[in-house]
Amino acid sequence: MKRLLIASVRFYQKFISPAFPPSCRYRPTCSNYMIEAIDKHGAKGVLMGIVRIMRCHPFVQGGHDPVPDHFSLKRNKTSDSHQ
């Protein structure tokens, strides 16, 4: 299941994303965040990635936001010290 989910994100990265200008305000990018979240948290990682994408908009400061070690839908608070 994880492999299929990650493969779908990789497909997006390779074939869909290049058609649009870079616009992710976070590091790692939203698609890389989704892959890491799926790898760490399984199917719950998809939900984490979707919430992250919803947070990525022009009115947010962005910055470093790594995948937390424990499942959470909130921004990783440890990232605030890395900005």
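Author: Start with pockets. On a 1 Å grid over the protein atoms alone, a cavity is a set of points where a 1.4 Å probe fits but cannot get out, while a pocket is an open set with protein on both sides within 12 Å along at least five of seven lines; lining residues have an atom within 4 Å of a point. Grid points are joined across faces, edges and corners, and a volume is the space filled by probe spheres set on the points. This is a predicted model: local features need pLDDT of at least 70, side-chain atom pairs count only at pLDDT 80 or more, and totals for chains, interfaces and linings use all residues. Residues are numbered from 1 along each chain as its sequence is written, and side-chain values use heavy atoms, with hydrogens and water left out.

Reader: What volume does the largest pocket have?
Author: About 440 Å³.

Reader: Which residues lie nearest its centre?
Author: Tyr12, Ser17, Cys24, Cys30 and Ser31, out of 14 lining residues. Two elements each give two or more residues to that lining: helix H1 (2-16) and helix H2 (30-41). H2 gives the most, with three residues. Helices (H or I, at least four residues) and strands (E, at least two) are DSSP runs, numbered from the N terminus.

Reader: How many of the lining residues are nonpolar, polar or charged?
Author: The lining has 10 nonpolar, four polar and no charged residues. Ala, Val, Leu, Ile, Met, Phe, Trp, Tyr, Cys and Pro count as nonpolar, Asp, Glu, Lys and Arg as charged, and the others, Gly among them, as polar.

Reader: New topic. How many salt bridges are there?
Author: Four. A salt bridge is a side-chain nitrogen of Lys or Arg within 4 Å of a carboxyl oxygen of Asp or Glu.

Reader: Which residue does arginine 55 pair with?
Author: Aspartate 65, with the closest N and O atoms 2.6 Å apart. Arginine 55 lies in helix H3 (residues 44-55) and aspartate 65 in the segment after S2, so the pair ties together parts 10 residues apart in sequence.

Reader: Is aspartate 65 buried or exposed?
Author: Buried, at 0% relative accessibility. Arginine 55 is buried too, at 17%. Buried means under 20% relative accessible area, exposed over 50%, partly exposed in between (1.4 Å probe, protein chains only).

Reader: Last one. Where is proline 28?
Author: In the loop between strand S1 (26-27) and H2. A cis peptide bond joins arginine 27 and proline 28, with omega about -5 degrees. Most peptide bonds are trans.
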